[in-house]
Amino acid sequence: MSMARTLRKLVLGVILDLDGTLLNTDGIVNDILKVHLVKYGKQWDARNAHRIAGKTPLEAAAAVVEDYELPMSPDVFLAEITPTFSEQWCNIKAQPGANRLINHLRGHGVPMALASNSPLENVETKIFYHQGWKESFSAIIGGDEVTNGKPSPDIFLEAARRLNIDPSSCLVIEDSLPGITAGKAAGMNVVAVPSIPKHSHLYTSADEVINSLLDLQLEKWSLPAFQDWVEGTLPINPWHIGGPVIKGFGRGSKVLGIPTANISTEGYLDLLSEHPSGVYHGWAGLPTRGVFKMVMSIGWNPYFNNAEKTIEPWLLHDFTEDFYGEELHLVIVGYIRPEANFPSLESLVAKIYEDREIAERALDLPQYSKYKDDPYLTSLSPSNN
């Protein structure tokens, strides 16, 4: 690998996809399709999301019409759902790490282009709601400005032309298979950030596959490295989650010797879908017992291959008894690493203890320790923000 790295041309410009890469559009797509398919007596199954990811709006509509045998043409279905989408564009959140990436590249004067299969007008409307985005891109290209959308390379070649950079010196960041295919066909370096969980094995043609934008190591591409990691952790905008402690899979203490306190994710599935799977750290409050350091995992736990995204906090304190049923409030303040699969239970356990040490040390730093006083940790009323 190191040999290949040194032979690569230096990356001089970055081309970013929009939906799924910079914007968390999947949640809104799922919500809207759920509502519209009910009208035809059908139930949207989010497992089909990979069939529409990265496609042009008409291709995506055609896939839905075909999969659900809807009684209309793709054009008619697209016309029917478009107004609902337009109303929702102002609500689409940036993916974790998107603002960090854009600000970092802009701050270092790295030329950037935005290349999306959506029509230009839609692209401009979506980014309008994200401060500083429009000004950060030297070029913005919509799917209606080229003959063929992704997986054809047209859109990326046009982006390189407008940036005035050789395609082989461009780095593409993409979440979908059509986008990755297009980037490679354009002769570019491609980093894949799969937006659909558990599909990363399909992304083999990308030069690198990462779990989320938080894991991007720009120095691998001869670009200025992020300087915001602190003691092995990345500070994030804090977020809150809470609920009664429930019996988990019974494997924390039994299998791993690590007593995790599981909380029900009911009512938090949307919130969890906004955050990449991985290992995080923060503070845990049991209103009757106090506030404790904690390290936690979010995700599907590849080693155990869960069906649903779960959240498993480990309170870094020796409790003498279980506290099932008690209200547990968490404030998540930093990110440690992506979720990984492990060849053995021993290697998994070793990594979890390493995560614990990183969290213990980091939480003593003022920028993290200040959140110990967050009123949410000790409030008795279950609140959801």
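This briefing describes a pocket, a helix and several salt bridges in one protein structure. The model is predicted: local features need pLDDT of at least 70, side-chain atom pairs count only at pLDDT 80 or more, and totals for chains, interfaces and linings use all residues. Residues are numbered from 1 along each chain as its sequence is written, and side-chain values use heavy atoms, with hydrogens and water left out. Helices (H or I, at least four residues) and strands (E, at least two) are DSSP runs numbered from the N terminus.

**The second largest pocket**

- The second largest pocket holds about 810 Å³ of space.
- Its lining numbers 41 residues, and D19, K55, P57, A60 and S118 are the closest to the pocket centre.
- A pocket is an open set of points on a 1 Å grid over the protein atoms alone, where a 1.4 Å probe fits, with protein on both sides within 12 Å along at least five of seven lines; lining residues have an atom within 4 Å of a point.
- The volume is the space filled by probe spheres set on the points, which are joined across faces, edges and corners.
- At least two lining residues come from each of α2 (26–38), α3 (57–67), α4 (74–88) and α6 (120–128).

**Salt bridges**

- The whole structure contains 22 salt bridges, each a side-chain nitrogen of Lys or Arg within 4 Å of a carboxyl oxygen of Asp or Glu.
- D19 pairs with K126, with their closest N and O atoms 2.9 Å apart.
- Because D19 lies in the loop between β1 and α2 and K126 in helix α6, this pair ties together parts that are 107 residues apart in sequence.
- Both D19 and K126 are buried, where buried means under 20% relative accessible area, exposed over 50%, and partly exposed in between (1.4 Å probe, protein chains only).
- E231 and R361 form a salt bridge at 3.4 Å, N to O.
- E231 lies in the loop between β6 and β7 and R361 in helix α12 (residues 345–362), so this pair links parts that are 130 residues apart in sequence.
- E231 is partly exposed at 42% relative accessible area, and R361 is partly exposed at 45%.

- The buried residues of α8 are I155, F156, E158, A159, A160 and L163.
- Among the elements that cover these buried residues are β1 (13–16), β2 (112–115) and α9 (177–185).
- Just after α8, N164 takes a positive phi of about 60 degrees.
- N148 is in the loop between β3 (139–141) and α8 (154–163), and N148 is partly exposed at 40% relative accessible area.

Note on methods:
Contact means heavy atoms within 4.5 Å.
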